[in-house]
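Visitor: Please show me how to read a few features of a model, one at a time.

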Amino acid sequence: MILLHNISFGFPGGDLLFNHIHLTIPSHTKSALVGNNGMGKSTLLKLIADEIQPLNGDINIQGKFSMFPRCLGILIILRLLNP
């Protein structure tokens with residue numbers, strides 16, 4: 001399970017990208033982040049992967065998780081949308 005509690009993040013000198021967000025991704029599920037360019041999908045994954053630190057809040061990962069490269073993720077999404 002991946003739990004994000006009260007996460008805020010912004011790049012130095014910029015506005016907040018995330019402000020007090022909460023997210024739960026249950027164990028044994030497949031999830032996808034979908035959105036327009038520049039909306040924070042990669043930043044959210046970097047927060048979960050502990051590559052960058054939130055300004056506040058807690059990230060709790062229970063068990064193991066896998067993240068696929070961007071191009072593979074796009075291929076999986078396209079296959080699901082166009083069987």
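**Contacts of one residue**

Guide: Contact means heavy atoms within 4.5 Å. Leaving aside neighbours within four places in sequence, Asn60 is in contact with Met1, Ile2 and Leu3. This is a predicted model: local features need pLDDT of at least 70, side-chain atom pairs count only at pLDDT 80 or more, and totals for chains, interfaces and linings use all residues. Residues are numbered from 1 along each chain as its sequence is written, and side-chain values use heavy atoms, with hydrogens and water left out.

Visitor: Where is Asn60 placed?

Guide: Strands (E, at least two residues) and helices (H or I, at least four) are DSSP runs, numbered from the N terminus. Asn60 belongs to strand 3, residues 56–61. The chain has two helices and three strands, in the order β-β-α-β-α along the sequence.

Visitor: How is an aromatic pair described?

Guide: A pair of aromatic rings is described by the distance of the centres and the angle of the planes. Rings of Phe, Tyr and Trp (its six-membered ring) pair if their centres lie within 6.5 Å; planes under 30 degrees apart count as stacked, over 60 as edge-to-face and the rest as tilted. A search of the whole structure finds one such pair. Phe9 and Phe11 form it, edge-to-face, at 4.9 Å centre to centre and 85 degrees between the planes.

Visitor: Is Phe9 buried or exposed?

Guide: Buried means under 20% relative accessible area, exposed over 50%, partly exposed in between (1.4 Å probe, protein chains only). Phe9, at 6%, is buried, while Phe11, at 47%, is partly exposed.
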